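Have a look at the fold, then read on.

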Amino acid sequence: MDNLKNYYGRLWTESQLDDDLKKHAQTLPAMTEKFPYFICNRCGSKNSRDNSLPDGSVYCRSCLVFGRISSREKLFYFEQQTFPEIEALRWQGQLTPFQQSVSDSLRKAVKNKENILVHAVTGAGKTEMIYGTLDDTLRQGKAAALVSPRVDVCLELYKRLSRDFSCSISLLHGESETYERSPLVIATTHQLLRFYQAFDLLIVDEVDAFPFVDNKMLHYALDHCLKSDGTRVYLTATSTEQLDRQIKQGQLKKLHLARRFHAKPLVVPQTVWLNFSLEKADKQKLPARFLRYVRKQRQSRFPLLIFFPHIELGLRFTESLKKYFPDESIDFISSLSPDRLEKVEQFRNGQIQMLVSTTILERGVTFPGVDVFVMVANHRLFTKTALIQIAGRVGRSQNRPTGTLIFFHNGLNKAIKKAVFEIKEMNRKGGFK
Ligand SMILES: [Zn+2]
């Protein structure tokens, strides 16, 4: 039999366990019938009789990727056990007074089992602010999970927390290794479907990001992976209407951090009209006006990150750009780039000077001293939230708290106007004019 401890707090289908393991497990029905539907008890989805198997049972299509379950089966789980009490925090850094105050409030709230939303501007240093709370949890032998809808954010968090905490940490995503029992789990939100009443503390980073936002299945996963007396913390730079509603109803308490860690204001985007549309992106020629902006930026020698709303055309745009700037090292990444992590690293250490990216880099990444251009900022993929996040990539370093930030567009739209307005508004809340 496998090491039983790796099963604690986790949920399994019948076919995933041998008979020996099943003896140690507790069960719940895989589905609950609510005529005319069958509700999946792993992911909460409604299934109609259309999803029938030859034996007449109904299976859940939504969470099929985690192993098929049908209405005639049971789900198996192993009750979570406590961990050894450990002192795992080895981070030596200093919080700013703003971060310290949020960190203190967060620790107090989690102690009182209050659910929290931390609304912190981009570049506020959210990650360091949760260290105190994580440390408290681990010291009590409790289980914590830090999750994000975006796999790249998880990878980045794993890198940082592996450095700053000495305990074992499990990193779970679609292509990760299998789970090894550890008091701290870093995972994509989907992976929570594999857990059952497992965590005392659940921290969701980038809670407003796709695919989490408005996804019922992932919200269900959140509810079920948490112990009944567990606490949840949401982190975001761009709150959602749903979260704001929960705050109004008193289900969530809000902590606000309106200052970046270096205490300088957010960089406000400049909007520039440009005769450039995706249809024309195919052609080799780039607009003279745009090239003037790029040349000027290149004189500064700061790295340039250019957001582009289309994978295929972005690749061709990058090829054109290379022809105009043959001496620069220019590259392109999207969710489809297998080597995107290496490229991100190369951009960070200066081997790549200009990086064209889809919205994949809109959040969760820091490139010190970077300037940012957005092409076709009025494209539908660039929502208000995406634009605020993208803008937040600029001015994150202590050495260069400012930067050039331009939204190129061929028609101002609501998302651009709102993003600019909200950035100014956040600066105002932070005490800047
Ligand atoms: Zn399901």
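This is a predicted model: local features need pLDDT of at least 70, side-chain atom pairs count only at pLDDT 80 or more; totals for chains, interfaces and linings use all residues.

In H11, the buried residues are Thr385, Ala386, Leu387, Ile388, Gln389, Ile390 and Ala391. That makes seven of the eight residues in this helix, which spans 384–391, so H11 counts as mostly covered.

**The zinc site**

Now for the metal. Four cysteines hold the zinc ion through their SG atoms: Cys40, Cys43, Cys60 and Cys63, at 2.2 to 2.3 Å. The angles among these four donor atoms run from 103 to 113°, and the site is tetrahedral. Along the chain, the donors follow the spacing C-x2-C-x16-C-x2-C. Cys43 sits in the loop between strand S4 (37–40) and strand S5 (46–47), while Cys60 is in the loop between S5 and strand S6 (74–77), so this pair ties together parts that lie 17 residues apart in sequence.

| Cysteine | Relative accessible area | Class |
|---|---|---|
| Cys43 | 1% | buried |
| Cys60 | 0% | buried |
| Cys63 | 0% | buried |
| Cys167 | 12% | buried |

Cys167 stays under the 20% cut-off, so it counts as buried too. How many disulfides does the whole structure have? The search turns up zero. For Cys167, the nearest cysteine sulfur belongs to Cys154 and is 16 Å away. A disulfide would need the two sulfur atoms within 2.5 Å, so Cys167 is in none.

**The three-stranded sheet**

Strand S6 shows up again in an open sheet of three strands, ordered S1-S6-S2 and paired antiparallel. Strands S1 (11–13) and S2 (26–29) are at the edges with a single partner strand each, so one side of each has no neighbour in the sheet. From one strand to the next, the twist averages 35°. S2 and S6 run antiparallel and are joined by four bridges.

**The seven-stranded sheet**

The other sheet to look at is also open, but here seven strands line up as S9-S10-S8-S11-S12-S7-S13 with parallel pairing. Its edge strands are S9 (169–172) and S13 (253–257), each pairing on one side only. The twist in this sheet averages 15° from one strand to the next.

Within it, strand S8 (residues 144–148) and strand S10 (residues 184–188) run parallel, with five bridges joining them. Val147 stands opposite Ala187 in S10. Helix H4 (residues 131–139) packs on the sheet and touches S8, S10 and S11, its direction making about 160° with that of S11.

Which strands does helix H2 lie across? H2 (residues 97–111) covers strand S7 (116–120), strand S11 (199–205), strand S12 (226–236) and S13, and it runs at about 165° to S13.

Key:
Residues are numbered from 1 along each chain as its sequence is written. Side-chain values use heavy atoms; hydrogens and water are left out. Donors are N, O and S atoms within 2.8 Å of the metal (3.2 Å for Na, K and Ca); water is not among the atoms, so sites may look incomplete. Four donors count as tetrahedral if all angles lie between 85 and 135 degrees; four count as square planar and six as octahedral if opposite donors are over 155 degrees apart and all others between 65 and 115; anything else is irregular. Helices (H or I, at least four residues) and strands (E, at least two) are DSSP runs, numbered from the N terminus. Buried means under 20% relative accessible area, exposed over 50%, partly exposed in between (1.4 Å probe, protein chains only). Two strands pair if DSSP finds at least two bridges between them. Axes are lines fitted to C-alpha atoms, for helices over the stretch in contact, and angles run from 0 to 180 degrees between N-to-C directions. Contact means heavy atoms within 4.5 Å.
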